[in-house]
Amino acid sequence: MKEGVDIKSILGLVASQRNLANGEILLKEAAASCGEDYKLELIRLPDLKLEPCLGCYTCLGPGKRCPLNDDLYFLGNKIKAADGLILAAPCYFLGPAAITKLWSDRTIALSQFLEEFWDKPMTIIATAGIKGWEGYSLSALVAMMKFLGFRIQDARMFIGALPGEVLENPLIEQQIKEMGQALFGTASKIEDGKCPTCRSEIWKFPQPGLAVCPLCTQEAVLEMRDGKVKWVYGPAGKRFEHLDLEYHFREFLPSKVREYIDRRKEFARLRKPYETKENWFKPPANR
Ligand SMILES: Cc1cc2nc3c(=O)[nH]c(=O)nc-3n(C[C@H](O)[C@H](O)[C@H](O)COP(=O)(O)O)c2cc1C
């Protein structure tokens, strides 16, 4: 590293439990291609104690934190300190490994970091074992990370089942180099067929000729031109825009909490008939 040169700090988040496996290797390669002097810090997400969200909304109160005593704020502060992020997550049963969702489910508490996380560049590396079995993994990862405010510079799926197998694909070197360069450089082009706003690969078709991105709400009208289907995109989907996220976390959700406090007696009456104590089972304490 040259003296006096700005050193970029990259936080690499590895969602796989497997040591030196496909995602971890690709993440290190991408960091090495970022075109900057860099320092890579790594966190294996399953090493963290991350509890499921309680759904209590306590963290929305002014000056309040999530009441769970785990590593969420450690992770939040590490992210805050990084100049850029690389996430590597394996596909498990067509979706991203559960640890990524466990983290993402804590987004309400992490929304306190929205200003600090906002626009932080990130690249997402997903790995799957079988071509055609990738499912919704990449789209789900993109949506989870957009909720946290990151700027997704590139997101790609790589195929390889055995640890290290991805490296046998001769195209990988070039692809991962492009991903690394995109982190602090120009975002990769969004391929045809993906949502131009959020990069999702999933579309819904609520009526003939209309496609809607279920993640960011981008719409497209499908028109026949010269015997071909042409996608005509409307304005960018708004869900992950700064103002919309801010509104959701700072106004809408707190207003629902206030509504619940005001109407809790009404809701208690509605819920009462469903109260049961006798048919809940818990595993034995000494398994
Ligand atoms: C529990 C489990 C479920 C998996 N489900 C899928 C799947 O649905 N589709 C697929 O293509 N690969 C699946 N795989 C294979 C992994 O995605 C693949 O090995 C990937 O490279 C793992 O990433 P890693 O090497 O970084 O750990 C699964 C692996 C495990 C352990």
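The questions and answers below go through one predicted model.

Me: What kind of model is this, and how are residues numbered?
Reply: The model is predicted, with local features needing pLDDT of at least 70, side-chain atom pairs counting only at pLDDT 80 or more, and totals for chains, interfaces and linings using all residues. Residues are numbered from 1 along each chain as its sequence is written.

Me: How many helices and strands does the protein chain have?
Reply: Helices (H or I, at least four residues) and strands (E, at least two) are DSSP runs, numbered from the N terminus. The C-alpha atoms of the protein chain fill a box of roughly 65 × 55 × 45 Å along the principal axes. The secondary structure within the chain comes to eight helices and ten strands.

Me: What percentage of the residues of the protein chain count as buried?
Reply: A residue is buried if 20 or more other C-beta atoms lie within 10 Å of its own, exposed if 12 or fewer, and partly exposed in between, with C-beta atoms placed from the backbone. The protein chain has 287 residues. Of these, the buried share is 32%.

Me: Which strand gives the largest share of the shell around the ligand?
Reply: The ligand is surrounded by 20 residues, and the closest are Ser-16, Ala-21, Gly-23, Pro-90 and Gly-129. Two or more residues come from each of helix H1 (22-32), strand S3 (84-92) and strand S5 (121-128). The largest share, three residues, comes from S3.

Me: How many charged residues are in the shell around the ligand?
Reply: Ala, Val, Leu, Ile, Met, Phe, Trp, Tyr, Cys and Pro count as nonpolar, Asp, Glu, Lys and Arg as charged, and the others, Gly among them, as polar. The shell has eleven nonpolar and seven polar residues. Its charged residues number two.

Me: Is Gly-84 buried or exposed?
Reply: Gly-84 is found in strand S3. Leaving aside neighbours within four places in sequence, its contacts (C-beta atoms, placed from the backbone, within 7 Å) include Lys-8, Ile-10 and Phe-184. Because Gly-84 has 22 C-beta neighbours inside 10 Å, it counts as buried.

Me: Which strand does S1 pair with, and in which direction do they run?
Reply: Strand S1 (residues 8-14) is mostly covered, with five of its seven residues buried. Two strands pair if DSSP finds at least two bridges between them. The bridge partner of Gly-12 is Leu-42, in S2. Seven bridges join S1 to strand S2 (residues 38-44), and the two run parallel.

Me: How many residues of helix H6 are buried?
Reply: Helix H6 spans residues 137-147. Its buried residues pack against S3, strand S4 (95-96), helix H3 (98-104), helix H4 (107-110), S5 and strand S6 (151-159). H6 is mostly covered, and of its eleven residues the number buried is eleven.

Me: Which residue in the turn between S9 and S10 has a positive phi?
Reply: Strand S9 (residues 219-225) and S10 run antiparallel, joined by six bridges. S9 and S10 form a hairpin with two residues between them, and the turn residue with a positive phi of about 50 degrees is Asp-226.

Me: Is Phe-93 buried or exposed?
Reply: Phe-93 lies in the loop between S3 and S4. Most residues other than glycine have a negative phi. Phe-93 is not a glycine, yet has a positive phi of about 45 degrees. With 10 C-beta neighbours inside 10 Å, Phe-93 counts as exposed.

Note on methods
A residue is near a molecule or strand if its C-beta atom, placed from the backbone, lies within 6 Å of it. Two residues are in contact if their C-beta atoms, placed from the backbone, lie within 7 Å.
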